[in-house]
Amino acid sequence: MIEQNVKNLLSEIPQTNPFGERVTLVAAVKTQTPDDINRAICAGVRAIGDNHVQEFRDKYDLIEGNPERHFIGHLQTNKVKYLIGKIDLYHSVDRMNLAEELSKRSAAAGVVSDILVQINIGNEETKGGFEPEEAEEACARISTLTALNIKGLMAMLPFIDDQTELRRLATMMRDIYDRLMATYPQFEHLSMGMSGDWKLCVECGSNMIRLGTSIFGARHYN
Ligand SMILES: *Cc1c(COP(=O)(O)O)cnc(C)c1O
């Protein structure tokens, strides 16, 4: 099941987006067992993304195949210390004090951490991230933090059905990304797209998608 899902996805996901960039699949592994995560890795997943620090720590030694480790969920500043040096890419840097804590802890550990700046593209009260209008200012301030390297942007589209509106927001997100890339040539990733909307996101210029349900099936919370 998981193996087949990964195989199907890897053949379905286009090699490149319309901007000629490779599209990276990140498996969103919240609530999944180490066995299931290892199955997905075995089937070809090369990056996995966690949401919860405790879950990440509990499973850390049980993950096989040496995948890239990403952190994709909301991150409390008091938990940053458990992740430093173990995460290849932090997707969800959604506020200034989190960036400051990540930089401080990274510097103390003698590492530079790669991050994405999260943008609240739908201006939703329930979602974290900088407002689209704040993106430039946020990147400028975060780029002064010496132990962080801004590798791009991350966004979550609203959970709505209106395809026209979703396309408008995803395109707006790509525009912000392109504009900032002129200032930050190290930009590599626009992380946008989940199981329900990844095709649309890739068509609009995302180059990193985070899929949970379409790899592992519906999540069981207990
Ligand atoms: C859970 C999660 C995903 C994956 O969601 P699916 O709809 O199951 O693909 C992607 N990104 C983030 C930040 C998530 O928390």
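How far does a polar side-chain atom of Ser195 lie from an oxygen atom of the ligand? In this predicted model, the distance is 2.5 Å. Let's look at the ligand's surroundings, then move on to the strands.

**Around the ligand**

Ser195 is one of the residues that surround the ligand, and others include Lys30, Asn51, Met156, Gly212 and Arg219. Sorted by class, this shell holds 5 nonpolar, 4 polar and 3 charged residues.

| Residue | Part of the residue | Distance to a ligand oxygen atom |
|---|---|---|
| Ser195 | polar side-chain atom | 2.5 Å |
| Asn51 | N or O atom in the side chain | 2.8 Å |
| Gly212 | polar backbone atom | 2.8 Å |

On its own, the ligand has 390 Å² of accessible area, and the protein covers 90% of this.

**Strand E5 and its partners**

E5 pairs in the parallel sense with strand E4 (residues 89-93) over 2 bridges, where Tyr90 stands opposite Ile115. To get from E4 to E5, the chain passes through helix H4 (residues 96-109) in a right-handed β-α-β crossover.

E5 also pairs in the parallel sense with strand E6 (residues 148-155), here over 7 bridges. Val117 has Leu153 in E6 as its bridge partner. The chain crosses from E5 to E6 through helix H5 (residues 135-142), and this β-α-β crossover is right-handed.

**A glycine in a loop**

Finally, find Gly20 in the loop between helix H1 (2-12) and strand E1 (24-28). Gly20 counts as exposed because its relative accessibility is 55%, and the cut-off for exposed is over 50%.

Methods
Residues numbered from 1 in each chain as written. Predicted model: local features only at pLDDT ≥ 70, side-chain atom pairs only at ≥ 80, totals over all residues. Heavy atoms only, no water. Near = heavy atom within 4 Å. Polar contact = N/O pair within 3.5 Å; in protein donor to acceptor, adjacent residues only side chain to side chain. Areas by Shrake-Rupley, 256 points an atom, 1.4 Å probe, with all protein chains shown as cover. Nonpolar A, V, L, I, M, F, W, Y, C, P; charged D, E, K, R; others polar. Helix = DSSP H or I, 4+ residues; strand = E, 2+ residues; numbered from the N terminus. Buried < 20%, exposed > 50% of the residue type's maximum accessible area, 1.4 Å probe, protein only. Pairing = 2+ DSSP bridges. Right-handed = clockwise from strand over helix to strand, strands pointing away.
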